[in-house]
Amino acid sequence: MPNRLANETSPYLQQHADNPVDWWPWSPEAFAEARERGVPVMLSVGYSSCHWCHVMAHESFEDELSAAYMNEHFVNVKVDREERPDIDAVYMEAVQAATGQGGWPMTVFLTPDAEPFYFGTYFPPEPRHGSPSFMQVLEGVRTAWVGRPEEVAEVAQRIVRDLAGRQLDYGKAGTPGPEELGQALLGLTREYDAARGGFGGAPKFPPSMVLEFLLRFHARTGSEGALQMAADTCEAMARGGIYDQLGGGFARYSVDREWVVPHFEKMLYDNALLCRVYAHLWRTTGDELARRVALETADFMVRELRTHEGGFASALDADSEDPVTGKHVEGAYYAWTPAQLREVLGEEDGDLAAACFGVTEEGTFEHGTSVLQLPSQGPDIEAERLAGIKERLLAARAERPAPGRDDKIVAAWNGLAIAALAECGAFFGRPDLIERATEAADLLVRVHMDGRARLARTSRDGKVGPNAGVLEDYGDVAEGFLTLAAVTGEGVWLEFAGFLVDLVLARFTAEDGSLYDTAHDAERLIRRPQDPTDTATPSGWTAAAGALLSYAAHTGSEPHRTAAERALAVVHALGPRAPRFIGHGLAVAEALVDGPREVAVVGHPEDPARAELHRVALLGTAPGAVVATGPVRAADGSGGEFPLLAERTLVHDLPTAYVCRHFVCARPTTDPVELAEQLGTVHP
């Protein structure tokens, strides 16, 4: 008999609809039930492509004895962290403060007032490696709840007080400038893994936002060290097992320092961010590997994550069915043995592929299998022959049971994908990618945005989800719309971005200029989340600051620029101290320091000379430059949908580009070479 999760829109919640556990979705009714029964709430938070979430579900939530105990002594609440990042953020902060670590699945025990008093992540079915079994945890919590209620209440209240005392106070910090950005670069240099690329040890995550900062720092200052760190990290990831050498796209992270063995789930946000980083690296250096990876990643997103409605699904699972054992295991879809390569390719090409992709008899993964890599010291092989080998292996892999797909649409992550696909389409002459970006943007407007321009967090099968958008949704969707406006010359996307950034000012901004992750009128949790640091995605705080800054550059709006500057005070405070964790804020600060530059390109829409100027403008490396293009407007001087086009006229009746910065404009030019110089590297 399905439980209460059967009608939820989240695929993750629906995966638990047939559990013997009497799950509730997060709701006032669940806590009312706990209050009426006098029992605690067991909150379980995860997401559909989480490997250990599936393991714990199979071991404990599908177990009749565990479920019976849970149902008798707890009200059990399931949350998809991707649908409710606010709930996840609040309780993850408590878990990390109490245990020093976090992760998913997250298991938290709450009072009926939603106050946490005991925490954990994955609990095994039997005691293991010093960790109690899940049943021992349940029994221990039950014993404390019944036998020591005053102690439990005191612990819960102390935790809530401690969380409230962690309020941020960055409103008095100054606006970040060149000094803070230089200190941030120095800090990154100290933590850089020069031998392997990236930062820190295992597990190693793609540092997408930090890479964007490094590229912008190089563009502004000419720093070769910054460019080298970005380029070497990108090459190491692209050659490693974290990158799908056959189908394109990146896994979530590498379990080792060398980027060899990934945690195999593929997330939309990682691929959107990395697609854009590789496109920007190509824009800076012309590197062919960067170009290939950017396009392959874009094609992966369109081929494997695009939904029937035109948006992009959240993720592909790490696990899939092993064709030999029939069990669901991690990486079964992606790993190979030399014998499997020879079976598909024949002896000669199979041995060549094994050498080319680092597939060994011992294996680099589990059970003698290897994750495909592309070592730089591999054999020389003609590009055409390698392409043929990859095509045959990809076709053979397609016959394997495929990983599951979480097909819900998350607004923020689709905003990131829109920006990446639009730029790739413009950079590489792929209008189909611009069309896919436009279709996703249309879906967000039609389904996720209501009549007051308020965003819903998720949708599925064209049906909007019940949860309100959070700050990252507004910031990332606005960024996607602004990028689409620059690429297409359609000012309606600038208008939609304006609606969203106005709501940031009205609903998410504190008096001191800092930003909250949830709106003023959002559901009240035990703490209002407010985190300026990046996770695997840009923080909502700095994403919104970037959108505010770009919108101000487009429109000349002083309130929006002032709001961006006040929000970026957090980068002044944290950038020099923790640069790895505020990379997106540092990248936005680079745009602030550089201007950002405002580029207007006018001319007849069908004139190829205007198209060339427009392309050069988009390929400019000046950090955060905004671009508007369109025809010369009427004699009244109005700029139509793009304020930057107002009063722009043709020079010698030719398409003309205007570049302005810090209230000063360069000489209007009809020459693409001169325009490129105006948008290129500026040395202090």
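Q: How many helices and strands does the protein chain have, and what kind of model is it?
A: The model is predicted.

Q: What makes the radius of gyration of the protein chain agree or disagree with that of a compact globule?
A: A compact globule of 684 residues would have a radius of gyration near 26 Å, and the protein chain has 26 Å, so the value agrees. The C-alpha trace spans about 85 × 70 × 45 Å along its principal axes.

Q: What share of the residues in the protein chain is buried?
A: Buried residues have under 20% relative accessible area, and they make up 60% of the 684 residues. The protein chain exposes about 26,800 Å², of which carbon and sulfur atoms supply 51%.

Q: Of the contacts between residues at least 6 apart in sequence, what percentage joins residues at least 24 apart?
A: The figure is 68% in the protein chain, where a contact means heavy atoms within 4.5 Å.

Q: How far apart are the mean positions of the positive and negative charges?
A: The mean positions of the 60 positive and 101 negative charges are 3 Å apart.

Q: What makes strand E4 largely enclosed by the rest of the structure?
A: Five of the five residues of E4, residues 106-110, are buried, so the strand is largely enclosed. Met106, Val108 and Leu110 point one way from E4, while Thr107 and Phe109 point the other way, and all are buried.

Q: How do you know that E2 and E4 pair?
A: Two strands pair if DSSP finds at least two bridges between them. E2 and E4 are joined over five bridges in the antiparallel sense. In this pairing Val41 stands opposite Leu110 in E4.

Q: How many bridges join E4 to E5, and in which sense do the strands run?
A: Four bridges join E4 to E5, residues 116-120, and the two strands run antiparallel. Thr107 stands opposite Gly120 in E5.

Q: Which residue in the hairpin of E4 and E5 takes a positive phi?
A: Ala114 takes a positive phi near 70° in this hairpin, which has five residues between the strands.

Key
Residues are numbered from 1 along each chain as its sequence is written. This is a predicted model: local features need pLDDT of at least 70, side-chain atom pairs count only at pLDDT 80 or more; totals for chains, interfaces and linings use all residues. Side-chain values use heavy atoms; hydrogens and water are left out. The radius of gyration is taken over C-alpha atoms; the globule rule is 2.2 Å times the number of residues to the power 0.38. Buried means under 20% relative accessible area, exposed over 50%, partly exposed in between (1.4 Å probe, protein chains only). Accessible areas come from the Shrake-Rupley method with a 1.4 Å probe; for residues, only the protein chains shown count as cover. Lys and Arg count as positive and Asp and Glu as negative; His and the chain ends are not counted. The place of a charge is taken as NZ of Lys, CZ of Arg, CG of Asp or CD of Glu.
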